Amino acid sequence: MVTLFEHLKDKHHGLAYFIFLSSLAVVVISVILGIYFVRQDRAKKQARREERRERRRRGGRQKR
């Protein structure tokens with residue numbers, strides 16, 4: 001894989017940078033989406049925790 005990239009870098013400079021930058025963009029976007037979804041999951045868990053705490057405070061379950 002390294003020799004292929006070296007060949008592209010030597011012979012097809014623009015294509016090598018395009019491949020490198022697009023793969024770097026995929027990594028960055030994946031990290032950002034991973035952080036986003038982890039935070040959403042934590043917010044949902046926190047909301048459920050607050051809802052249970054509120055139910056206990058009110059003295060039991062209410063009918064939906």
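This briefing covers surface patches and aromatic contacts. The structure is a predicted model. A nonpolar surface patch spans about 650 Å². A positive surface patch is formed by K44, R48, R49, R52 and R56. The aromatic pair count comes to 1.

**Nonpolar patch**
- F5, Y17, F20, L21, L24, V28 and I32 make up this patch of about 650 Å².
- Helix α2, residues 13-58, gives the largest share of the nonpolar patch, with 6 residues.
- L24, one of the patch residues, lies in helix α2.
- L24 has 42% relative accessibility, so it counts as partly exposed; that class runs between the buried limit of 20% and the exposed limit of 50%.

**Positive patch**
- The members are K44, R48, R49, R52 and R56.
- R49 sits in helix α2.
- The relative accessible area of R49 is 37%, so this residue is partly exposed.

**Aromatic pair**
- There is 1 aromatic pair under the rule applied here.
- The pair joins Y36 and F37, with ring centres 5.3 Å apart.
- The ring planes of Y36 and F37 stand at 70°, so the pair is edge-to-face; the cut-off for that class is over 60 degrees.
- Y36 is partly exposed because its relative accessibility is 44%.
- F37 reaches 54% relative accessibility, so it counts as exposed; the exposed class needs over 50%.

How values were computed:
Residues numbered from 1 in each chain as written. Predicted model: local features only at pLDDT ≥ 70, side-chain atom pairs only at ≥ 80, totals over all residues. Heavy atoms only, no water. Phe/Tyr/Trp six-rings, centres within 6.5 Å; stacked < 30°, edge-to-face > 60°. Buried < 20%, exposed > 50% of the residue type's maximum accessible area, 1.4 Å probe, protein only. Patch = residues over 30% accessible without salt bridge, like charges linked within 9 Å, V, L, I, M, F, W, Y side chains within 5 Å. Areas by Shrake-Rupley, 256 points an atom, 1.4 Å probe, with all protein chains shown as cover. Salt bridge = Lys/Arg side-chain N within 4 Å of Asp/Glu carboxyl O. Helix = DSSP H or I, 4+ residues; strand = E, 2+ residues; numbered from the N terminus. Lys, Arg positive; Asp, Glu negative; His and termini not counted. Charge placed at Lys NZ, Arg CZ, Asp CG, Glu CD.
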